[in-house]
Structure formats: structure tokens, C-alpha cells
Amino acid sequence: MMIREDTVMSYALRWGESPVYTIFTSMFLHADFLHLGGNMLYLWVFGPAVEDRLGIPLYLFLYFLAGFAGDVAQVALDASGLLGVSVPTIGASGCIFGVLGAYWYVYSWSPVCIFYSIFWVFRGTKEVKALWVIGVYFVLNVISGQAPRIAKQEIPIRPPAVEP
């Protein structure tokens with residue numbers, strides 16, 4: 001299930017076109033269930049430890065400050081033209097990165113237990129350093145963030161060369 005276009009146009013953050021409140025509302029929109037599920041998984045794994053260390057008020061402040069910073073950075077990159085085609089900003093990835101950064105700063109020594117399954121044959125759990133899991137989240141976000149831009153770019157079709 002994809003998010004409806006009219007919802008994106010009303011509540012997503014777009015450079016020079018959006019009301020101020022969309023900085024907040026864009027953090028609660030997600031492109032699909034996979035986007036939402038990925039963010040919730042990382043928040044579920046890393047969020048409680050950070051919240052316990054910071055307390056609820058400071059944790060919420062960190063969460064929304066990181067989301068605001070992520071939205072502003074995304075919009076600034078869109079406005080600069082460095083990313084190519086501009087697309088609306090949605091999702092809580094900036095918020096999640098703030099939580100992950102706090103986790104990495106406070107618990108950099110801590111391992112994270114992951115579940116793996118390869119073709120439903122090789123299954124199990126393994127402890128890995130938190131930095132690896134945070135790195136995977138970063139790479140997945142870069143890939144998913146660039147996919148809409150790549151899809152929207154118009155690739156010029158060259159006419160076939162005419163031989164003399």
C-alpha cells in the first residue's frame with residue numbers, strides 16, 4: 001500500500017511550497033509499510049536504551065530535534081540541486097538517526113543481537129557491534145532515498161547514429 005498523492009502534497013515537506021507545520025507532519029508520513037516497519041524496528045531495538053538513559057522529556061526533545069534537523073538538511077540539499085530531482089520529504093529517518101546517534105555515543109561498546117534467515121534454510125541469531133547495524137540502516141536509507149530521484153530523472157534517448 002502506497003501513500004496517497006494528495007496526502008503527500010498536503011503534509012509532506014517540499015522546498016518553498018509547504019506550510020511550516022509540514023516540518024512536523026512529514027515526520028509521521030511513510031511511503032509504505034516497509035518504510036514504516038523499518039523505522040519502527042530500529043526504534044524498537046535502540047530507542048528504549050536511549051530513553052532510559054535520557055528520560056522521556058529529553059528523549060522526545062532529541063527525537064524531534066533530530067527529525068527537524070533531518071528535514072531541514074533534506075530540503076536544503078533539494079534546494080541546492082545537488083540531489084537532482086526534488087521530491088517531497090516524508091518519514092522519520094532523521095528522528096531515528098538522532099536516536100541511533102545517541103545510542104552509538106552512549107553504548108558504542110554494546111553488541112546487538114540480530115536474527116538472520118537466508119532462504120529460510122540458514123536461520124539463527126548472532127551478536128554484532130551496534131555500529132554495523134547502524135551502518136546498515138544508513139545504507140538502506142541512502143538507497144531508498146535515491147530511488148525516487150533515479151526513477152523521476154528523464155534519461156535522454158539518443159537517436160541511432162546514422163552511418164554515412
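# A tour of the predicted model

Start by selecting Gly-16, which lies in the loop between helix H1 (5-11) and H2. The model on screen is a predicted one. Is Gly-16 buried or exposed? Gly-16 counts as exposed because its relative accessibility is 76%, and the cut-off for exposed is over 50%. Gly-16 and Val-75 are 59 residues apart along the chain, and their C-alpha atoms are separated by 9.0 Å.

**The whole chain**

Zoom out and colour by secondary structure. The protein chain has six helices and two strands. Read along the sequence, the pattern is α-α-α-α-α-β-β-α. The chain has 164 residues, and buried residues make up 28% of them. Now consider contacts between residues at least 6 apart in sequence: 63% of these join residues at least 24 apart.

Select Thr-22, which is found in helix H2 (residues 22-25). Thr-22 has a relative accessible area of 0%, so this residue is buried. Which residues does Thr-22 touch, not counting residues up to four places away in sequence? They are Ser-10, Tyr-11, Ala-12 and Leu-13.

Move on to Thr-89, in the loop between H4 and H5. Thr-89 also counts as buried, because its relative accessibility is 8% and the cut-off is under 20%. Show the residues around Thr-89. Leaving out residues up to four places away in sequence, Thr-89 touches Ala-12, Leu-13, Ser-26, Asp-71, Gln-74, Val-75 and Asp-78.

**The nonpolar core**

In general, nonpolar side chains tend to be buried together in soluble globular proteins. To look at this model's largest nonpolar core, select Tyr-42, Phe-46, Tyr-63, Ile-96, Val-99, Leu-100 and Tyr-103. Of the 21 residues in that core, these touch the most other members. Which elements give two or more residues to this core? They are helix H3 (33-54), helix H4 (56-80), helix H5 (93-107) and helix H6 (130-152). H5 gives the most, with seven residues.

Centre the view on Leu-100. Not counting residues up to four places away in sequence, Leu-100 touches Tyr-42, Phe-46, Ile-134 and Tyr-137.

**H3 against H5**

Hide everything except H3 and H5. Two packed helices are described by the angle between their axes and the distance between the axes. What are these values for H3 and H5? The angle is about 40°, and the axes are 9 Å apart. H3 is therefore oblique to H5. H3 passes H5 in a left-handed crossing.

Show side chains at the contact. From H3, the residues are His-35, Asn-39, Tyr-42, Leu-43, Phe-46, Gly-47, Ala-49, Val-50 and Arg-53. From H5, they are Ser-93, Ile-96, Val-99, Leu-100, Ala-102, Tyr-103, Val-106 and Tyr-107. How many residues of this contact are nonpolar, polar and charged? Twelve are nonpolar, four are polar and one is charged.

Gly-47 is buried, with a relative accessible area of 2%. Leaving aside neighbours within four places in sequence, Gly-47 is in contact with Tyr-42, Tyr-59 and Val-99. Gly-47 and Val-99 are 52 residues apart in sequence, yet 6.3 Å apart in space, C-alpha to C-alpha.

**The two strands**

Bring back the rest of the chain and select Ile-114, found in strand S1 (residues 111-118). Ile-114 is partly exposed, with a relative accessible area of 29%. Setting aside residues up to four places away in sequence, Ile-114 touches Gly-124, Thr-125, Lys-126, Val-128 and Val-133.

Follow that list to Val-128, in strand S2 (residues 122-129). Is Val-128 buried or exposed? Val-128 counts as buried because its relative accessibility is 18%, and the cut-off for buried is under 20%. Ile-114 and Val-128 are 14 residues apart in sequence and 7.3 Å apart in space, C-alpha to C-alpha. For Val-128 and Pro-111, 17 residues apart along the chain, the C-alpha separation is 5.3 Å.

End with the surroundings of Val-128. Not counting residues up to four places away in sequence, Val-128 touches Pro-111, Val-112, Ile-114 and Val-133. Val-133 is touched by Ile-114 and by Val-128.

Note on methods: Residues numbered from 1 in each chain as written. Predicted model: local features only at pLDDT ≥ 70, side-chain atom pairs only at ≥ 80, totals over all residues. Heavy atoms only, no water. Core = buried A, V, L, I, M, F, W, Y, C linked by side-chain atoms within 4.5 Å. Buried < 20%, exposed > 50% of the residue type's maximum accessible area, 1.4 Å probe, protein only. Helix = DSSP H or I, 4+ residues; strand = E, 2+ residues; numbered from the N terminus. Contact = heavy atoms within 4.5 Å. Axes fitted to C-alpha atoms, helices over the stretch in contact; angles between N-to-C directions. Parallel < 35°, antiparallel > 145°, perpendicular 65-115°, else oblique. Left-handed = near helix turned anticlockwise from the far one by under 90°. Nonpolar A, V, L, I, M, F, W, Y, C, P; charged D, E, K, R; others polar.
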